[in-house]
Amino acid sequence: MEEHAEALEADLLRYYGVDLLDWHRETLSSRRLSVLVRHLPPESAFVRAREGEAAEWRLTDHLLAAVVDHLAIANWMYASVNRDEYADPPEAPVPVPRPGAGAAGASGGQPDDSGPTASELARFFG
């Protein structure tokens, strides 16, 4: 959160009309702030700054990439089976690159949706 404090402040104002200073004034509880941050929309500046390109990919984008990959594999299989016996085999298709395939690949490419805890918020604003 510390890295993207300005994006968070702008998003709280944009989406909720909440001033981040209300937390310091003690008119906004840590729990409420945590809920608001956790439920910022994917197109918010904070989520995009934190998640990078992965925030831009929705379910539809992942499904379209899967369709393209499956079609490429089907075409490759067809070309492999119907090629001349002495011809070089066609190159295998390369899958459509997914965001976070390197770092987030272990978690299935899903972003961490846990959000900040109250103690993380207190440390950030303290």
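Residues are called buried when their relative accessible area is under 20%. By this cut-off, 23% of the 126 residues in the protein are buried. The model is predicted. Its secondary structure consists of six helices and zero strands. The pattern along the sequence is α-α-α-α-α-α. Of the contacts between residues at least 6 apart in sequence, 61% join residues at least 24 apart. The protein exposes about 8,800 Å². Carbon and sulfur atoms supply 56% of that area.

Helix H1 spans residues 5–16 and has twelve residues. From its first C-alpha to its last, H1 reaches 16 Å, close to the 16 Å expected at 1.5 Å a residue. Its buried residues are Ala7, Leu8, Asp11 and Leu12. They lie on the same side of H1, because they cover an arc of only 135 degrees around the axis. An α-helix has 3.6 residues a turn, so residues three or four places apart point the same way. The buried residues of H1 are covered by elements including helix H3 (30–38) and helix H4 (45–51). Exposed Glu6 and Arg14 sit on the face of H1 turned away from the buried side. Gly17 follows H1 and has a positive phi, near 65 degrees.

A positive phi also occurs at Glu26, which is not a glycine; the value is about 65 degrees. Glu26 is located in the loop between helix H2 (21–24) and H3. Its relative accessible area is 72%, so Glu26 is exposed. Within H3 itself lies Ser34. Ser34 counts as buried because its relative accessibility is 5%. Apart from neighbours within four places in sequence, Ser34 is in contact with Pro116 and Leu121.

Helix H5 (residues 59–81) contains Ile73. Ile73, Trp76 and Met77 make a nonpolar surface patch of about 270 Å². Ile73 has 40% relative accessibility and therefore counts as partly exposed. Ala72 also belongs to H5. With a relative accessible area of 27%, Ala72 is partly exposed. Ala72 and Ala92 are 20 residues apart in sequence, and their C-alpha atoms are 8.7 Å apart in space.

The count of salt bridges comes to five. One of them joins the side chains of Glu43 and Arg58, at 2.9 Å from N to O. This pair links distant parts of the chain, 15 residues apart. Glu43 is in the loop between H3 and H4, and Arg58 is in the loop between H4 and H5. Glu43 is partly exposed, at 38% relative accessibility. Arg58 is partly exposed as well, with a relative accessible area of 44%.

Another salt bridge brings together the side chains of Glu51 and Arg50, again at 2.9 Å from N to O. Arg50 has a relative accessible area of 37% and is partly exposed. Asp69 forms a salt bridge with Arg98, and their closest N and O atoms are 2.5 Å apart. Asp69 lies in H5 and Arg98 in the loop between H5 and helix H6 (118–125), so this pair ties together parts 29 residues apart in sequence. Asp69 counts as buried, at 12% relative accessibility. Arg98 is partly exposed, with a relative accessible area of 26%. Salt bridges with shared partners also join Asp19, Asp22 and Arg25 into one network.

Definitions and conventions
Residues numbered from 1 in each chain as written. Predicted model: local features only at pLDDT ≥ 70, side-chain atom pairs only at ≥ 80, totals over all residues. Heavy atoms only, no water. Helix = DSSP H or I, 4+ residues; strand = E, 2+ residues; numbered from the N terminus. Buried < 20%, exposed > 50% of the residue type's maximum accessible area, 1.4 Å probe, protein only. Contact = heavy atoms within 4.5 Å. Areas by Shrake-Rupley, 256 points an atom, 1.4 Å probe, with all protein chains shown as cover. Expected span 1.5 Å × (residues − 1). Arc of directions from axis to C-beta. Patch = residues over 30% accessible without salt bridge, like charges linked within 9 Å, V, L, I, M, F, W, Y side chains within 5 Å. Salt bridge = Lys/Arg side-chain N within 4 Å of Asp/Glu carboxyl O.
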